[in-house]
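Please read the points with the structure open.

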Amino acid sequence: MADLTLGRTIFGDPAHTGNLLSATEALALLTEWVPNERLQLHMLQVGALMKAWALEKEMLSEEEAHKWWLAGLLHDADWEKYPDQHCRRIIEELEKRQLDPSVIRTIACHGPRHFGVEPETTMEKMIYVFDELSGFIHAAALVRPTRYAGMDIKSVQKKLKTPAFAAQVSREEIQDALTRAQQNQDNIIAFILDIQPGVLPIR
Ligand SMILES: [Fe+2]
């Protein structure tokens, strides 16, 4: 695997604080950069989780929650077309578009072990949590005949303890993300099971 370390910890320009993409602009970027519908769905799920968390748990305004949504929605935008430049490429694009620096830095924080950027803010810590766990939970839903329906915390826990299931998802990274965010695993699983099934593919 290519070295994806970003080699810097500051992103965007403080002068661009408050510059956001509209939902229409962000979804257009997503469909242009990400032909793979499964990956699109993952990004929509992380976006929805980030926004719901901002509103429900952090009690933030709609405008602040929109930043959380943008970061979640766009975090993997370059993964399919530019796997060797993952994260770097979308960060450069968003810097070119003069996006709010907090959104760009949050995207840079979604994999500290890969990109070498330490999550500091709550938004940065939560993208790491949701990225790791939402993909895993979606994989667990796909192998159930009823998908998300009737899925509970216990069944996710069981899958987490089965190393052969979704072996590419690092259990260590899941734990690392939860520890950094000081979040309880069961609470996060419950939150994801509440929000994620309602997210639909773009097409
Ligand atoms: Fe992701």
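**Notes on the predicted model**

1. T24 lies in helix α1, residues 23-33. Helices here are DSSP runs (H or I, at least four residues), numbered from the N terminus. T24 is exposed, because 8 other C-beta atoms lie within 10 Å. The cut-offs are these: a residue is buried if 20 or more other C-beta atoms lie within 10 Å of its own, exposed if 12 or fewer, and partly exposed in between, with C-beta atoms placed from the backbone. The C-alpha atoms of T24 and M123 are separated by 22 Å, and these residues are 99 residues apart along the chain.

2. On numbering and confidence: residues are counted from 1 along each chain as its sequence is written. The model is predicted, so local features need pLDDT of at least 70 and side-chain atom pairs count only at pLDDT 80 or more, while totals for chains, interfaces and linings use all residues.

3. The largest nonpolar core has 48 residues, and M50, A71, I107 and A108 have the most contacts inside it. Such a core is a set of buried Ala, Val, Leu, Ile, Met, Phe, Trp, Tyr and Cys residues joined through C-beta atoms within 7 Å. At least two core residues come from each of α2 (37-56), α3 (62-74), α4 (88-96), α5 (101-108), α7 (122-142), α8 (153-160) and α10 (185-195). The largest share, 10 residues, is supplied by α7.

4. I107 touches A71, L74, H75, C87, I90 and I91, leaving out residues up to four places away in sequence. Contact means that the C-beta atoms of two residues, placed from the backbone, lie within 7 Å. C87 lies in the loop between α3 and α4. C87 is not a glycine, yet it has a positive phi of about 85 degrees. C87 is buried, because 24 other C-beta atoms lie within 10 Å.

5. In α4, I90, I91 and L94 are buried. They cover an arc of only 105 degrees around the axis, so they are on the same side of α4; the arc is that of the directions from the helix axis to the C-beta atoms. The buried residues of α4 pack against α3 and α5. Just after α4, Q98 takes a positive phi of about 60 degrees.

6. How do α7 and α10 pack? Their angle is about 65 degrees and their axes are 10 Å apart. Axes are lines fitted to C-alpha atoms, for helices over the stretch in contact, and angles run from 0 to 180 degrees between N-to-C directions. V129, L133, S134 and I137 in α7 meet I188, I189, I192 and L193 in α10. The residues of this contact divide into 7 nonpolar, 1 polar and no charged. In that count Ala, Val, Leu, Ile, Met, Phe, Trp, Tyr, Cys and Pro are nonpolar, Asp, Glu, Lys and Arg are charged, and the others, Gly among them, are polar.

7. D131 is also found in helix α7. Is D131 buried or exposed? D131 is buried, because 25 other C-beta atoms lie within 10 Å. D131 touches V46, H75 and H110, not counting residues up to four places away in sequence.

8. R180 lies in helix α9, residues 171-181, and is partly exposed, with 18 other C-beta atoms within 10 Å. R180 touches P119, K125 and Y128, residues up to four places away in sequence not being counted.
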